[in-house]
Amino acid sequence: MPVTIDRFTGRVISPAGYDATFLSPIELDAPTRTGLVALPYTHFTVAIDPERLLAASTAVNIDGSQLRDVERGDDWRLDPRLPSAHQAGPELYASNDLDRGHLVRRRDPVWGTATVAEQANADTFHYTVCAPQTATLNQSKTLWLGLEDYVLEHARQYGQRLSVFSGCIFAADDPAYRGVALPRRFFKIAAWSQDSVLAATGYILDQTPSLGPILERPVRTDTATPPLGPYRTFQVPIEDIAAATGLPMDQLVAADRYAPQPAARLDDQRWTELAAYTDIVM
């Protein structure tokens, strides 16, 4: 099978990508739609929207029994398989308080042999794998970053494997910044096999309140302190994620373990705001 060599690092870009049979005997295709460009990496695949310059969806296989600790690194680079005009690059993140937020969490695909794990780690540092997220740190963002760990622990008794789908929720009124419309919301869906039956839960991270200081503030110096603002994390019906993204998710919707709860909801009475992992419905 042919491979692509990154001209900047000399590393191979893996063509293997997301495996739909990973949760065997279940076969689960990654959500996608017309107009997206699929880029396979080691243990994950990214689907770029070339008009928005960011990933509409990502799909990663996580084997909790084979995870490895690999030095993080910070070698961010464009993917040579995609025209640079179709991917948001370093200029979007320069001299401001935007983070390159991993849509595929760095450690999730880092499993298998040492060589494969190191390649997976390197693959996550393509700009195609990240999206602009404000640098704000609070409990809600910390909870979001650890969702895979929490769900993986729940799935441990069923085989220690997850398939996770994440991406940007694009909206027509997303604010423009340096030629890129900044997504206000992101989604994450975790799926696993429970007694050979597909189970799934869905989540949304809303960074809307923290985008204001980024858009209104001039270019900062390296010593400036990032502004503080809230993130909000919700557990939501997967059918709401499908509707918001335009991504077909029939299998995941049918496998959804969540039903809206009577407390801590949004006005539409369907979303539960999460303050702790114990709020999650599994």
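Two aromatic rings, from Phe, Tyr or the six-membered ring of Trp, are said to pair if their centres lie within 6.5 Å. In this predicted model, such ring pairs link W76, Y93, F125 and Y127 into a cluster. By the same rule, the count comes to eight aromatic pairs.

One of them joins F22 and W111, whose rings are tilted, with 5.7 Å from centre to centre and 40 degrees between the planes. This pair connects distant parts of the chain: F22 lies in the loop between β2 and β3, W111 lies in the loop between β6 and α1, and 89 residues separate them. F22 has a relative accessible area of 5% and is therefore buried; W111, with a value of 10%, is buried as well. The pair of Y150 and Y277 is stacked, with 5.1 Å between the centres and 10 degrees between the planes. Here, too, distant parts of the chain are linked, since Y150 belongs to helix α3 and Y277 to the segment after β14, 127 residues apart. Y150 counts as partly exposed at 28% relative accessibility, and Y277 is partly exposed with a relative accessible area of 28%.

Rings also take part in contacts with charges. The charged end of R161 sits over the ring of F22, 4.1 Å from its centre, while that of R81 sits over the ring of Y41 at 4.7 Å.

The strands may now be considered. Strand β5, residues 54–63, is mostly covered, with ten of its ten residues buried. Six antiparallel bridges pair β5 with β4, where T45 stands opposite A59 of β5. These two strands form a hairpin with four residues between them, and L53 in the turn has a positive phi of about 70 degrees. Strand β5 is also joined to β8 by six bridges, again in the antiparallel sense; T58 has S166 in β8 as its bridge partner.

How values were computed
Residues numbered from 1 in each chain as written. Predicted model: local features only at pLDDT ≥ 70, side-chain atom pairs only at ≥ 80, totals over all residues. Heavy atoms only, no water. Buried < 20%, exposed > 50% of the residue type's maximum accessible area, 1.4 Å probe, protein only. Pairing = 2+ DSSP bridges. Phe/Tyr/Trp six-rings, centres within 6.5 Å; stacked < 30°, edge-to-face > 60°. Lys NZ or Arg CZ within 6 Å of the ring centre and 35° of its normal.
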